[in-house]
Amino acid sequence: MSTIHKVSNIPKVSKLLLVRHGQSEWNSIGKLQGQYDSPLTELGREQAGAIANELTSLCSGQNIKIYSSPLSRAHETATIAAQALGLKQSDVQIDQRLNDYNLGQFSGKFGWRVLQEDHPDLEYLRLNKPLEFQPPDGELGINFEARLRDFITSLPDNDTTTLIVSHGVVNKYIRSILRKLTGDQVIALSEGQDTIYQLDRVGDDYIEKEIRVLNSPDVAPTKKVHVSLGERSYDVVVGTGLLNSLQEHLGELINGRRVAIISDNTVLEKYLDSLKPQLDELTPTWHVYKVPEGEQAKAFSTVETLLHEMLDDDIDRRCVVIAFGGGVVGDVAGLAASLLHRGIEFIQIPTTLMSQVDSAVGGKNGINTRHGKNLVGSFLQPKIVLNDVDTLNSLPLSELRSGYGEILKYALLGGEEQFSWVEQYVDAIIARYAPKMIEAIRMGSEVKANIVSEDELDKGKRAYVNLGHTFAHAFEAHAGYGSFPHGHAVGVGVIAACKLSELLGVCENGLTNRVENHVQAAGMPTSLKDLSAITEWNGVSLHQYMLNDKKTFNGNIHFVLLKGVGQPFSQADVPLEKIYDALRYVGANVNGCVPL
Ligand code: NAD
């Protein structure tokens with residue numbers, strides 16, 4: 001078989017550049033949504049522009065020929081590249097073979113497998129929306145190699161740099177085949193990975209090295225939101241690389257004081273090593289306290305253990321507590337900090353999307369009791385909230401989507417500008433594209449900060465942050481907490497709240513559809529059946545759970561509803577049949593439910 005790959009059989013391509021468009025994960029999500037031959041999105045165009053700039057420096061002074069797959073988004077990238085290289089449109093040749101040889105499709109399928117190795121939680125996506133594919137077996141791999149070889153040998157044998165723009169083309173597998181076929185003549189450029197690879201021959205072997213990491217076309221500047229609460233005011237900082245610049249953000253605040261870090265196992269395993277030198281720079285003494293993971297950690301016993309451990313270490317009132325983790329860590333650490341010596345200073349470094357956009361802002365903390373969730377707690381505003389979006393890269397996709405439920409909520413509470421922005425960028429946010437992620441978290445924090453600034457102690461307007469939650473909590477309680485991520489229930493809950501608003505005639509018809517489309521675009525469940533196929537979604541039971549909600553007073557459920565995007569209000573005395581109709585809309589069985 002080795003003769004197939006003889007380098008001498010390959011024409012003298014002076015250089016072969018392979019370019020892909022769009023972000024791999026993002027594209028795959030697009031595929032799941034059936035947008036196989038989609039045009040470039042705005043983000044894809046920005047990326048193609050950055051690639052085009054890169055090509056001009058890689059190819060200056062060379063003869064260039066561009067081959068593009070017929071897919072619209074590949075052709076768009078090729079055209080943008082041609083313009084940057086000063087070529088004519090006729091220098092871009094659509095080559096049907098790039099489709100017929102199944103180059104993209106094959107590598108896309110292969111890419112899926114690689115993606116799933118990196119992100120095992122993508123399995124979740126596939127379960128919800130089955131994607132038909134078989135991982136390539138050996139035979140298919142060899143055929144694929146032959147097809148690719150066929151393509152390369154057909155290229156003009158001259159001193160021309162060949163640029164191939166195709167979908168899914170630049171993955172490690174393809175690069176490895178090309179290295180067999182063309183030796184050191186390949187430069188593979190993948191904007192999805194923001195990296196240019198060069199395949200170099202070393203003796204009989206080849207090495208693949210990164211030659212450049214592209215600057216993001218859309219730089220990701222750090223953004224700030226000010227939470228205005230008089231002497232308890234503070235900033236929410238959102239950006240990349242913040243964990244590596246603790247001194248810059250926390251130096252003045254900590255000023256050498258002793259620090260108590262509260263976190264959980266997963267977060268410590270992933271990030272403590274890189275945090276250590278930063279902490280050493282900040283303070284001569286820091287301690288780490290580990291709390292158990294998950295919702296069950298929000299218990300009296302956790303707080304009691306934590307307080308004893310901190311007192312054992314003489315954590316005094318001049319020390320600073322840092323909550324480093326998701327919402328659970330934040331809630332437990334916040335409560336402990338508010339109790340220790342009747343309150344010591346507290347910093348939030350949240351590491352989940354949910355905690356970055358929601359729970360770390362606003363100063364509420366809490367634990368669960370046998371009477372319900374978050375029934376015991378206090379208010380303690382942090383001194384700063386430091387949101388490093390890089391930490392979200394290690395978050396399972398289902399947790400990411402759960403956090404997205406809160407972004408959706410804040411965009412709807414914020415207004416038309418905020419909601420149409422998330423509609424435009426939902427795919428980029430779910431693909432964890434840092435610039436858009438930063439803006440989404442900034443936007444959510446700002447909406448929450450404005451609400452909290454007006455109603456810190458939750459006596460009125462702050463109830464708006466419960467949009468969709470009266471429904472969502474009932475869904476969770478009925479199915480059993482932990483049956484699905486909280487934010488997924490919020491997504492369906494928000495749809496139900498919009499429907500209820502429409503049914504009551506307080507908002508225009510069409511809002512529910514719009515929100516539903518958006519929830520779907522985020523890859524989140526839009527109905528109760530999608531949330532859990534095994535649960536009997538009985539309307540009477542769901543209504544009972546709503547009656548137990550903490551926003552129910554004297555048997556009267558207080559719903560947060562919308563008069564339109566950005567116009568929330570609270571309403572009690574909602575007729576039961578309307579509640580049932582809203583529940584029916586999201587898939588509850590309300591047959592035989594008799595209004596009381
Ligand atoms: P979580 O804190 O349970 O975290 C989810 C999981 O992700 C945990 O296993 C955690 O170890 C892991 N994790 C955290 N960061 C990670 C990272 N960067 N990479 C990989 N894994 C990581 O869940 P959550 O959604 O962050 O928070 C939910 C909690 O927040 C609930 O208890 C809810 O009541 C609370 N909450 C509080 C407020 C508030 O205002 N206080 C508001 C909303 C929600």
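Guide: A salt bridge is a side-chain nitrogen of Lys or Arg within 4 Å of a carboxyl oxygen of Asp or Glu. By this rule the count comes to 19 salt bridges. The model is predicted.

Visitor: What makes Lys223 and Glu439 a salt bridge?

Guide: Their side chains meet at 2.8 Å, N to O. The limit is 4 Å, so the pair qualifies. The two residues sit in distant parts of the chain, 216 residues apart. Lys223 is in strand β8 and Glu439 is in helix α16.

Visitor: Why is Glu439 called buried?

Guide: Its relative accessible area is 15%. Buried means under 20%, so Glu439 is buried. Lys223 has 25% relative accessibility, so it counts as partly exposed.

Visitor: How do you know that Lys298 and Glu295 form a salt bridge?

Guide: Their closest N and O atoms are 3.8 Å apart.

Visitor: Is Lys298 buried or exposed, and why?

Guide: Lys298 has 5% relative accessibility. The cut-off for buried is under 20%, so Lys298 counts as buried. Glu295 has a relative accessible area of 32%, so Glu295 is partly exposed.

Visitor: What makes the pairing of Lys373 with Glu295 a salt bridge?

Guide: The closest N and O atoms are 3.6 Å apart. The limit is 4 Å, so this pair counts. It links distant parts of the chain, 78 residues apart. Lys373 lies in strand β15, and Glu295 lies in the loop between β11 and α11. Lys373 is partly exposed, with a relative accessible area of 26%.

Visitor: Which side chains make polar contacts with the side chain of Lys298?

Guide: One is the side chain of Asp331, at 2.8 Å. Another is the side chain of Asn374, at 2.6 Å. Lys298 itself is in the loop between β11 and α11.

Visitor: Which element gives the most to the shell around the ligand?

Guide: That is α10, with four residues. By class, the shell has five nonpolar, nine polar and 11 charged residues.

How values were computed:
Residues are numbered from 1 along each chain as its sequence is written. This is a predicted model: local features need pLDDT of at least 70, side-chain atom pairs count only at pLDDT 80 or more; totals for chains, interfaces and linings use all residues. Side-chain values use heavy atoms; hydrogens and water are left out. Buried means under 20% relative accessible area, exposed over 50%, partly exposed in between (1.4 Å probe, protein chains only). A polar contact is a pair of N or O atoms within 3.5 Å; within protein, one must be able to donate a hydrogen and the other to accept it, and residues adjacent in sequence count only if both atoms are side-chain atoms. Ala, Val, Leu, Ile, Met, Phe, Trp, Tyr, Cys and Pro count as nonpolar, Asp, Glu, Lys and Arg as charged, and the others, Gly among them, as polar.
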